[in-house]
Amino acid sequence: MVINQRACTAEVFRTIIREGRIFMDVCIRVDSSVLIGSGHVMRCLTLANELTKNKTRVFFICRDIPGNLCTYIEQKGFEVYRLPFSHDIDSLEEKNLDANETIKVLTQIKRNVDWLIVDHYKLDIHWEIKIRAFVKKIMVIDDLADRVHDCDLLLDQNLYRDAKSRYSRLVSDSCIRLLGPQYLLIREEFEIERRKLLGHSGHIKRILVFFGGSDPFNQTVKSLHAINQMKKESFIVDVIVGKLNQNQNEIKELCRHYGFHYYCQVENIANFMLKADLSLGAGGTAIWERCFLGLPSLTIIIAENQREVTKSVSHKQALMNLGWYSEVEEKDIVEAITFLQKNPLILKNMSEKALNLVSSGRTKVTNYMIGML
C-alpha cells in the first residue's frame, strides 16, 4: 500500500516540479537553549534544507527562551514563529498550553500544513493529539523512547541493541519507523568532505576539541588542560565552541596561552573533522558526524540521553567511551590519548568501524515523507 502511494505521489511530484509549484508545507516545532543545546535545531535544519530542494516551504515554531537559535534559523533562510517565554514544559497543563500556542500560530498563518515535524523531548501524545486536527501528518524525531506518540512517521537515527522493539509499545502499528544510523540526518557538507577521505594513518598529529553548541559542564576547558600536559607531543589543536557556550572568554584565553587554535560557531566543522586525527567531544549528535567522516573520538557523556547510544557505538569499537563527565579527570584523557598513540592499529580500526556504521539518510527520510502524502 505504501509503495503504491509513493508511486502515485512521485508522479504528482514530477508534475509539480515541472510547473514550479510548492509541493508541501512543513512546520517544524523545535527548541534550543543553553541546557537543551543546539543539536535538535541543527538536525532539523539539515532536514529543512533537504526538503526545500523538493519544492517544500518550511517554517519553524520555537519558544523564545534564553539561548534560543531563532535568529540563526532565520539567517539560514527560514521563517520562525516565536512562542512566548516559558520556564519548562513538564506538566500536562504546560503541554496543553504549548499545543494551544502552536495551534494559534498554525491557524493565524492560514497554511495547509502537510507535515508537522516535532523534535522535542518534552512533547508527547497529549500534545500531538491536540495538534492532529490542524495538520495532515505528524513526524516525530526522537531518541529517548520514553513516552507514547501519536505520529505517522518516527525517526530515531541512533544505534541501539534493542532498536526493533524499542518503540513497539510507544507508537501505533501503522506508524512508519525509520530506525538506525542509515537514516542519519547529515549535512551535505559532510558528504562532500567524506569524498575526500584518504584513510586514517593511525598517528595523532591534529586533535579537534568540540563539545557541542553549549557545553554546559565546560568539558572543553578540562580537555585543554589535559592536552597541554602533553606539551612534548606538539599536537596541532583546533578548539571549537558554539555561540551558546557561556565559557567562551575563558576558553579563548586558554587557547591563546597554550598555543591552540580557537574558533566560535564555525560553518565548516566537517572540514575540521576531516583534517583531525582524533577528536574529544560529547556523546550527542556529533557522534554521528564524527563517525560519518571516520574520525576516532574520545567521548565524554554529558547528558543521560547520551549514555545508551555512546555505549552502543563504543561496543562497535567506533569510539572510546571515557564515561560520565563528572567522573572523567584530566589524567583519564591524558592516559587515553597516550594509549592510542602507542596503538596506531587500534586508532585506525576505530576509524574504519566508524565509517562502516553510518550512511546519509536525508534523501531517504524526505522520500518517505513525500511518499506518505
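## Strand β12 and its neighbours

In this predicted model, strands β12 and β13 (residues 320–324) run parallel and are joined by four bridges. Two of the facing pairs can be named. Ile 300 has Gly 323 in β13 as its bridge partner, and Thr 299 stands opposite Asn 321, also in β13.

Strand β11 (residues 278–282) is likewise joined to β12, again by four bridges and again in parallel. Here Gly 281 stands opposite Thr 299 of β12.

## Burial of β12

How many of the residues of β12 (residues 297–301) are buried? The count is five of five, and the strand is mostly covered. Ser 297, Thr 299 and Ile 301 point one way from β12, while Leu 298 and Ile 300 point the other way. The residues of both groups are buried.

## The helices that link the strands

Helix α10 (residues 286–292) forms a right-handed β-α-β unit together with β11 and β12. Helix α11 (residues 307–315) forms another with β12 and β13, and that unit is right-handed too.

## The sheet as a whole

These strands belong to an open sheet of six strands with parallel pairing, in the order β10-β9-β8-β11-β12-β13. Which strands lie at the edges? They are β10 and β13, each of which pairs on one side only. On average, neighbouring strands of the sheet are turned by 15° against each other, with direction ignored.

Asn 218 is in the loop between β8 (206–210) and α7 (219–228). Is Asn 218 buried or exposed? Its relative accessible area is 18%, so Asn 218 counts as buried, the cut-off being under 20%.

The other is Gln 265, whose phi is about 50°. Gln 265 lies in the loop between β10 (261–264) and α9 (269–275). Its relative accessibility is 26%, and Gln 265 therefore counts as partly exposed.

## The largest cavity

Rolling a probe the size of a water molecule over the atoms shows where empty space is left. A search of the whole structure finds one cavity of 30 Å³ or more. The largest cavity holds about 60 Å³ of space.

Which residues line the largest cavity? The lining consists of Gly 39, Met 42, Arg 43, Thr 46, Leu 184, Leu 185, Ile 186, Arg 187, Thr 285, Trp 288 and Glu 289. Helices α2 (39–52) and α10 each supply at least two residues of this lining. The largest share, four residues, comes from α2. By type, the lining divides into five nonpolar, three polar and three charged residues.

Which element gives the largest share of the lining of the second largest pocket? That element is α9, with three residues. The residues of the lining divide into nine nonpolar, five polar and three charged. Helix α9 also marks one end of the loop that holds Gln 265.

## A contact across the sequence

Val 365 is part of helix α14 (residues 362–371). Val 365 has a relative accessibility of 0%, so this residue counts as buried. Val 365 and Leu 155 are 210 residues apart in sequence, yet their C-alpha atoms are 8.3 Å apart in space.

How values were computed
Residues are numbered from 1 along each chain as its sequence is written. This is a predicted model: local features need pLDDT of at least 70, side-chain atom pairs count only at pLDDT 80 or more; totals for chains, interfaces and linings use all residues. Side-chain values use heavy atoms; hydrogens and water are left out. Buried means under 20% relative accessible area, exposed over 50%, partly exposed in between (1.4 Å probe, protein chains only). Ala, Val, Leu, Ile, Met, Phe, Trp, Tyr, Cys and Pro count as nonpolar, Asp, Glu, Lys and Arg as charged, and the others, Gly among them, as polar. Two strands pair if DSSP finds at least two bridges between them. A crossover is right-handed if, with the strands pointing away from the viewer, the path from the first strand over the helix to the second runs clockwise. Axes are lines fitted to C-alpha atoms, for helices over the stretch in contact, and angles run from 0 to 180 degrees between N-to-C directions. On a 1 Å grid over the protein atoms alone, a cavity is a set of points where a 1.4 Å probe fits but cannot get out, and a pocket is an open set with protein on both sides within 12 Å along at least five of seven lines; lining residues have an atom within 4 Å of a point. Grid points are joined across faces, edges and corners, and a volume is the space filled by probe spheres set on the points.
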